[in-house]
Amino acid sequence: MSIDCRRRVAFFCMEMGDALSAQSLVCSRAHVKVSALRNNKMTSAEKDRIAATARIVRDAPLFVDERCDWNIAKLVDTVREMDKEKKLDLVIVDYLQLVMSDKGETREEKLENVARELKALAYELRIPIIVTAMLSRHNELGAGHPKLEELYEIGLAAQQADSVWILDRRYTRTHRDEDKRLAKLYVEKKEILLKFFPEYLEFCDMDKEEDSSR
């Protein structure tokens with residue numbers, strides 16, 4: 001959205017520093033393996049794509065905050081201030097379990113409060129707020145895809161959302177090579193087939209052909 005649509009996006013990346021986030025974003029869009037960039041083992045064509053993409057990403061209205069010690073009150077105040085200054089179009093919080101809350105007795109209740117505060121903030125500022133969440137490891141043991149009612153620890157928080165999207169990679173359960181590129185996105189009652197390119201950290205429609213740069 002920030003690069004292609006010139007929307008002003010605030011990205012709170014709590015698990016990965018802004019340098020690594022930018023590196024991953026540039027490599028994904030340029031279709032260059034992150035390992036090739038880090039080890040400086042790129043072809044001339046890949047170097048040209050990296051340079052061109054880096055300029056585009058640098059000029060995009062994307063504001064990355066890499067602090068990892070957020071509590072929900074501080075996060076809400078920061079978003080309000082950013083919106084006053086930059087007039088944000090979208091906020092992304094990555095991820096739910098890393099935001100702390102003083103309200104609630106149990107871990108699940110604390111996360112529900114975080115989700116409730118962010119939802120209220122979205123309505124106040126009239127902008128969408130996307131909050132990612134980590135699925136618990138026990139979901140990887142099942143044969144079927146994760147379901148909303150099975151989301152351990154974030155079940156109450158998920159109920160606060162206007163829409164819940166669940167991304168399921170079969171490979172995390174089977175660890176079979178043939179499943180590495182298979183993924184499904186569940187939106188409400190819809191099932192969307194995706195193809196995943198781990199070398200570029202990219203998801204695309206299943207019927208999209210791989211272009212020559214891959």
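How many helices and strands does the secondary structure of the chain comprise? In this predicted model, the secondary structure amounts to seven helices and eight strands. The chain has 214 residues, of which 36% count as buried. Among contacts with a separation of 6 or more, 57% are accounted for by residues 24 or more positions apart.

Four strands form an open sheet in the order E2-E1-E3-E4, and their pairing is parallel. Its edges are strand E2 (62–65) and strand E4 (129–131), each of which pairs on one side only. From one strand to the next, the twist averages 15°. Strand E1 (residues 9–13) runs parallel to E2 and is joined to E2 by four bridges. Within this pairing, Phe12 has Asp65 in E2 as its bridge partner. Helix H4 (residues 72–86) lies across E1, E2 and strand E3 (90–94), and runs at about 155° to E1.

The packing of nonpolar side chains was examined next. The largest nonpolar core contains 27 residues, and the members that touch the most others are Phe12, Leu75, Val79, Val91 and Val93. At least two residues of this core are supplied by each of E1, H4, E3, helix H5 (107–125) and helix H6 (155–158). The greatest contribution is that of H5, with seven residues. Leu75, one of the members that touch the most others, is in contact with Phe12, Met14, Trp70, Val93, Val99 and Leu118 when its neighbours within four places in sequence are left aside.

A disulfide is a covalent bond between the sulfur atoms of two cysteines. With a disulfide taken as a pair of cysteine sulfur atoms within 2.5 Å, the count comes to zero. Cys13 counts as buried because its relative accessibility is 2%.

Definitions and conventions
Residues are numbered from 1 along each chain as its sequence is written. This is a predicted model: local features need pLDDT of at least 70, side-chain atom pairs count only at pLDDT 80 or more; totals for chains, interfaces and linings use all residues. Side-chain values use heavy atoms; hydrogens and water are left out. Two strands pair if DSSP finds at least two bridges between them. Axes are lines fitted to C-alpha atoms, for helices over the stretch in contact, and angles run from 0 to 180 degrees between N-to-C directions. Contact means heavy atoms within 4.5 Å. A nonpolar core is a set of buried Ala, Val, Leu, Ile, Met, Phe, Trp, Tyr and Cys residues joined through side-chain atoms within 4.5 Å. Buried means under 20% relative accessible area, exposed over 50%, partly exposed in between (1.4 Å probe, protein chains only).
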